[in-house]
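Colleague: Could you give me a close look at one part of this model, and then show me what surrounds it in the fold and how far I can trust it?

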Amino acid sequence: MAQFALTTSATLLPCNGGAKQWPKLFPGFSKRYGTDFALFTSFRKKGVRFVTSSATGRSGGVAEISEGQTAPRSYVWPDKKKLRVCILGGGFGGLYTALRLESLVWPDDKKPQVLLVDQSERFVFKPMLYELLSGEVDAWEIAPRFLDLLASTSVQFFQDRVKVLHPADHLGINGPSQSNCGGTVHLESGLLIEYDWLVLALGAESKLDVVPGASESAFPFSTLEDAQKVDIKLRRLERRNFGKFSPIRVAVVGCGYAGVELAATVAERLQDRGIVQAINVETTICPTAQPGNREAALKVLSSRKVQLLLGYFVRCIQRVGNVEASEMPTGSGSVSGIAAEDAHEKYILELQPAERGLQIQFLEADLVLWTIGSKPLLPELEPSGKPHELPLNSRGQAETDETLRVKGHPRIFALGDSAALRDSNGRLLPATAQVAFQQADFAGWNLWAAINDRPLLPFRFQNLGEMMTLGRSDAAISPSFIEGLTLEGPIGHTARKIAYLIRLPTDQHRLKVGISWLTKSAIDSVASLQSTLTKVLSGS
């Protein structure tokens, strides 16, 4: 699909403009392609060009009447009389808000049309990405397609990237419910979506540009694509080192929850064939975790011989081909004099001490995994020269009131990584799946309330506890309702999987995944029993 240069003026395509009138002029067009197709129109100097595309994002037919300079195209909603809710981002915040809107009871045919936009074709249950590396789950179980999840709903899905926002609901310009248009969204494909209500749930992406060499050398671990790339890299390293005595060296940057879970999972996978080193600027791992979870994690990391380099930060990463460990530099940032070995890349990490008494260190790694830092995607959508920008904090999150509405924009809700909401103590809520999951429930309800002129509910986060995976049969859970209790080992692992099974998006998907997990568990149990019997019989 062609790319278009988008201006910063919201008057490019007026709300309720002429794009909606074309089906009246050509009634046979909609009959030919069906009601599930969207109609795009683009004005040219010498005629009109029509482009059809499925509401799910698949390309449709094209019919051109003339040629010339193309202007932005408009997405036409299926029903002109119903309100239009556009949700940007299909993570925990966006998808679960759409499902919440679908589940509510709407009076007097007030149920709005809902369009979900995401750059990926799959929803990703991110807390279980680690299980992809351990082989415990299949990709379809934790990353189902949006079309499958939404098949039994009226929610439409469009796969595209958001480029620019043009809100038109500023206080003093449009009231919260009287205006006919809340604004427009410009997509990278050149499509303009006109909405009445907007939900910002775009999430965040890994921030690798803070350290020289990280963007070119390190692997982030926050998306399905990231996990698949790491798995492919590990497989290549495992094949390359098969039968050799040289261990696979993996450096994990960051020892928060993500770093510890990743280090534990990779160390279990590689076992004696690898050396995992975890680096953290703090002098402890998981500084914000419950003590029970931290102690359980330390015990597992120690049992798997994960080396913890605490009180260090990474100053730079250098990629060097064909490195021998014996040629490592010991006193400076230079990597000259490194001799050739096998034809594969290695990386040198320079570690600077964050605490007194520590010395500069250099690490050699075959794989660098990056788990620290993230940046919300909202700042990239701000049009230059826009007189009414979204109120963003220093981290790039939208400032919201307690009902999750963006301040100064009564038609826009923000949640998850896109929102800056504080708790009762004035602290920003963490950007976790648990927070986004709870906010989606409130966002859906408050959209219902706003559309039906009912009072909106203030969001109150309820911390249900903390969970972390530590391998195929290890996890740690600290529920908030029982102070001091930590479930660890196989019991914690089972409890965590059940909790996440309950949190999966739809009943149909939960059922399929539950059957799959039970089947795998039964197979593993039979295999374990056979192995035990074989050992007993061979011993006798």
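**A close look at Glu350**

Modeller: Happy to! In this predicted model, the side chains of Glu350 and Gln352 make a polar contact of 2.9 Å. A polar contact is a pair of N or O atoms within 3.5 Å; within protein, one must be able to donate a hydrogen and the other to accept it, and residues adjacent in sequence count only if both atoms are side-chain atoms. Residues are numbered from 1 along each chain as its sequence is written, and side-chain values use heavy atoms, with hydrogens and water left out. As the model is predicted, local features need pLDDT of at least 70 and side-chain atom pairs count only at pLDDT 80 or more, while totals for chains, interfaces and linings use all residues.

Glu350 belongs to strand β18, residues 345-353. Helices (H or I, at least four residues) and strands (E, at least two) are DSSP runs, numbered from the N terminus. With a relative accessible area of 7%, Glu350 is buried; buried means under 20%, exposed over 50%, and partly exposed in between (1.4 Å probe, protein chains only).

Next comes the partner strand. β18 and β19 run antiparallel and are joined by 5 bridges; two strands pair if DSSP finds at least two bridges between them. Across this pairing, Ile348 stands opposite Glu364 in β19. Strand β19 covers residues 361-365, and because 4 of its 5 residues are buried, β19 is largely enclosed by the rest of the structure.

Elsewhere, an open sheet of 3 strands has the order β25-β26-β27, with antiparallel pairing. Its edge strands, β25 (465-471) and β27 (487-488), each pair on one side only. Between β25 and β26 (residues 474-479) there are 6 bridges, and Glu466 stands opposite Ser478 in β26.

Helix α12 takes in residues 489-503. Gly489, Gly492, His493, Arg496, Lys497 and Tyr500 are buried in α12. Seen down the helix axis, these buried residues fall within an arc of 135°, so they line one face of α12; the arc is that of the directions from the axis to the C-beta atoms. On the other side of α12, Pro490, Ile491 and Ile502 are exposed.

Over residues 16-70, pLDDT stays under 50. Residues 172-179 also have a pLDDT below 50. Where pLDDT is low, the predicted coordinates should not be read in detail.

Note on methods: The expected span of a helix is 1.5 Å times one less than its number of residues. pLDDT is the predictor's confidence in each residue, from 0 to 100. Contact means heavy atoms within 4.5 Å.
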